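Hello,

Please have a look at it before reading on.

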Amino acid sequence: MDLAPLSWDFINYFLLGTTVVSTVRLIIGPTLADRLVAVNLIAAQVLAILVIVAVKEKLSVYLDVALVYDIFGFIGVLAVVKYFGRKEEIR
Amino acid sequence: MTEILLLLHILMGILALLSRDLLKAVLFLAVLSLLSALLFFHLHAPDVALTEAAVGTGLSTFLYIWLIRKVGLKEDE
């Protein structure tokens, strides 16, 4: 896939900017569920950055990082939901 | 890109230190290790980023959550 070098930089900085904007919800979110959704959103955006850099550099080792990161991030969110998922504990 | 990531590191670290709710601190720590994995990746060290993503994001979050479940949610004064 060939794009102009400037557009790679634009995609990277755009996704990083949306990550910074999603951090606001992580900080001010009143309930735990808001913060959990914000963590998941940031994880999705970081995953997009990882995959895009892997496509740009044309190295398949970079895709392994994205794969492992996605699996273990999902396990982390699952742990929070399993142990603190009941209604009276989510504040 | 490195400067923005490092600023987010500082912000997440301060928030994880200052929050009294332990579960909130664990979520901040998860985002901190996520961003550090992205930083290692950006600095062309994919093996370090792989280990950081596996240990920092998955294992340590799971371990902290399991321990908070046993110990209790609030930090005592």
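Below is what was found, going from the overall picture to single residues.

A word on conventions before that: this is a predicted model, in which local features need pLDDT of at least 70 and side-chain atom pairs count only at pLDDT 80 or more, while totals for chains, interfaces and linings use all residues. Residues are numbered from 1 along each chain as its sequence is written, chains are lettered from A and ligands numbered from 1 in the order in which they are written, and side-chain values use heavy atoms, with hydrogens and water left out.

Chain A

Chain A has three helices and zero strands, where helices (H or I, at least four residues) and strands (E, at least two) are DSSP runs numbered from the N terminus. Along the sequence the pattern reads α-α-α. The C-alpha atoms of chain A fill a box of roughly 50 × 25 × 15 Å along the principal axes. The radius of gyration of chain A is 16 Å, whereas a compact globule of 91 residues would have one near 12 Å; the value is taken over C-alpha atoms, and the globule rule is 2.2 Å times the number of residues to the power 0.38. Of the 91 residues in chain A, 38% count as buried, with buried meaning under 20% relative accessible area, exposed over 50% and partly exposed in between (1.4 Å probe, protein chains only).

Where the chains meet

The contact (heavy atoms within 4.5 Å) takes 34 residues from chain A and 31 residues from chain B. Together the two chains bury about 3200 Å², with 83% of it on carbon and sulfur atoms; this is the accessible area (1.4 Å probe) that two parts lose on being put together, summed over both. A:Leu16, A:Tyr83 and A:Phe84 supply 18% of the area that chain A buries against chain B, more than any other three residues.

Between chain A and chain B there are zero salt bridges, a salt bridge being a side-chain nitrogen of Lys or Arg within 4 Å of a carboxyl oxygen of Asp or Glu.

The elements giving two or more residues to the side of chain A that touches chain B are α1 (5-28), α2 (32-57) and α3 (60-84) of chain A. Of these, α3(A) gives the most, with 13 residues.

B:Thr57 sits in helix α3 (residues 46-71) of chain B and is buried, at a relative accessible area of 6%. Leaving out residues up to four places away in sequence, B:Thr57 touches A:Tyr69, A:Phe72, A:Gly73, B:Ser33, B:Leu34 and B:Glu52.

A:Val53, in helix α2 of chain A, is buried too, with 14% relative accessibility. Beyond its neighbours within four places in sequence, A:Val53 is in contact with A:Asn12, A:Tyr62 and B:Phe41. A:Val53 and A:Trp8 lie 45 residues apart in sequence and 8.3 Å apart in space, C-alpha to C-alpha.

Two loop residues to look at

Most residues other than glycine have a negative phi. A:Lys58, not a glycine, has a positive phi of about 55 degrees. A:Lys58 is in the loop between α2 and α3 of chain A and is exposed, with a relative accessible area of 59%.

B:His44 has a positive phi as well, near 60 degrees. B:His44 lies in the loop between α2 (22-42) and α3 of chain B and counts as exposed at 54% relative accessibility.

Enjoy exploring, and best wishes
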